[in-house]
Amino acid sequence: MSETTRTDAARAEAARAEAARAGSTRALTDAQRRAVHELMRVSPVADELGRRFAAAGHELHLVGGSVRDALLGRLGDDLDFTTDARPEETLRIIDGWAEAVWTTGQEFGTIGLARKGLRIEVTTFRADAYDRVSRNPIVQYGDNLVDDLRRRDFAVNAMAVSVPGHEFTDPYGGLTDLAERVLRTPGAPEESFADDPLRMLRAARFAAQLQFTVAAEVRAAMTAMAGDLARITAERIRDEFVKLMCGADPITGLRLLVDTGLAETFLPEVTGLKLEIDEHAQHKDVYEHTLIVVRNAIGHESDGPDFTLRMAALMHDVGKPATKAVGPDGGVSFHHHEVVGARLTKQRMKALKFPKDVISDVSELVMLHLRFYGYGRGEWTDSAVRRYVTDAGPLLSRLHSLTRSDVTTRNRRKAAQLAADYDALEARIARIAAEEDLARVRPDLDGNAIMELLGVPPGPLVGRAWRHLKELRLERGPLDRDEAEAELLRWAAAEGLTKP
């Protein structure tokens with residue numbers, strides 16, 4: 001390389017570096033401008049609280065996620081503060097000023113309060129020690145702000161603004177990381193994750209929520225220490241995972257979980273979707289297909305993130321690894337993978353301590369997600385449509401979204417045909433619903449009428465008769481009163497029942 005060429009290359013590199021610095025500077029300026037605007041909104045309350053602490057001889061700083069969100073222009077009504085005051089002193093300072101106070105976190109140094117529509121938490125400086133066996137720290141109070149910030153998970157969450165003085169403290173470069181949209185730890189990531197392995201999952205969550213990149217050294221530590229996540233309770237993992245799934249870009253977070261091995265600790269079914277693709281590509285890449293389905297499902301949301309729909313999209317094919325079979329012709333099949341998938345989904349969500357109703361809804365969607373296929377062959381009767389709607393129940397709109405999201409074929413003609421078939425099914429559902437009130441499919445006789453006609457008391461027999469009439473209702477549509485009574489009496493006779 002000639003001297004001239006080397007000089008030109010050096011100049012080009014210097015120009016790129018300068019452009020990057022200029023871009024970061026502009027980003028910081030924009031972020032700081034947004035922060036001023038956001039802080040002005042809450043400063044009447046925040047500064048008033050700060051003056052009360054100052055009068056008592058204590059510091060008070062807006063801290064952590066609140067500062068980060070202010071810089072991002074998305075500060076909410078929940079504010080986090082840190083102080084050198086002990087919890088009992090905080091209680092004395094806010095006495096008579098706070099409109100409500102809660103002390104559930106007092107043993108960890110946190111006092112909660114409400115004032116003029118803002119929810120505020122004030123936590124004493126911390127210098128916790130960890131036994132690195134459990135997640136629970138030995139609570140120790142600190143005596144300065146910088147040490148308190150160092151114990152936080154990421155540099156973008158380790159910034160503070162004093163109140164009422166509005167002095168900015170950023171000892172670990174959080175503002176630069178925020179401008180570059182990158183996640184780094186205040187200290188060595190290995191030390192941070194050893195103290196609290198949940199921070200690894202929080203990295204994936206912030207990547208999904210904030211659409212930030214995880215720094216290479218942080219990602220490497222996550223990979224090396226993924227197994228440490230087993231120290232964390234299922235409930236804490238569940239809560240972080242829900243936030244990840246409801247983020248703006250859960251796909252990035254999910255890839256990070258799988259690539260670092262974190263998913264293997266608490267959601268191995270998703271890692272298991274990476275089925276080996278044979279040389280003839282007899283089936284699609286199930287893992288990549290699943291991520292596309294999740295993204296498609298997000299596109300069908302109309303009222304904010306829908307965890308139930310997103311989780312069903314993520315789990316809809318988890319039964320495939322266990323049901324994969326290769327036929328004599330080399331074709332690959334996954335018979336009944338929806339049944340196996342629903343069972344695996346229920347087991348996994350139960351292990352993660354999800355509420356029973358959420359488990360039921362997600363696993364039912366997984367069970368039903370294949371029901372539509374075959375409709376386009378013209379095999380569905382009105383009875384089949386009624387059963388589809390009845391089985392889905394209140395999940396019908398989500399089932400519509402999941403089924404449409406599951407179409408990821410690159411064959412435009414096939415995709416268009418499937419979309420047209422589902423349009424036709426939805427139109428047919430609407431027609432039958434208008435005629436028969438499908439939303440409330442019930443037998444044509446209620447329990448009282450059954451007991452009166454058969455002359456029986458309340459009990460299991462009434463339930464059996466009710467279910468028989470419901471099956472007739474699904475099969476034949478509405479019956480008039482005389483038809484329903486005749487059918488009930490025929491059923492009773494076939495069952496060997498006679499009216500006393």
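Four aromatic pairs turn up in a search of the whole structure, where rings of Phe, Tyr and Trp (its six-membered ring) pair if their centres lie within 6.5 Å, and planes under 30 degrees apart count as stacked, over 60 as edge-to-face and the rest as tilted. The model is predicted: local features need pLDDT of at least 70, side-chain atom pairs count only at pLDDT 80 or more, and totals for chains, interfaces and linings use all residues. Residues are numbered from 1 along each chain as its sequence is written, and side-chain values use heavy atoms, with hydrogens and water left out.

Phe-154 lies in the loop between α4 (145-150) and β8 (160-162) and Phe-206 in helix α7 (residues 198-210), so the pair ties together parts 52 residues apart in sequence. Helices (H or I, at least four residues) and strands (E, at least two) are DSSP runs, numbered from the N terminus. Phe-154 and Phe-206 are buried, meaning under 20% relative accessible area, with exposed over 50% and partly exposed in between (1.4 Å probe, protein chains only).

The ring centres of Phe-372 and Tyr-422 are 4.7 Å apart and their planes at 70°, so this pair is edge-to-face. Both residues, Phe-372 and Tyr-422, are buried.

Seven strands form an open sheet of mixed pairing, in the order β3-β4-β5-β2-β1-β8-β9; two strands pair if DSSP finds at least two bridges between them. At the edges stand β3 (100-102) and β9 (168-169), each with a single partner strand, so one side of each has no neighbour in the sheet.
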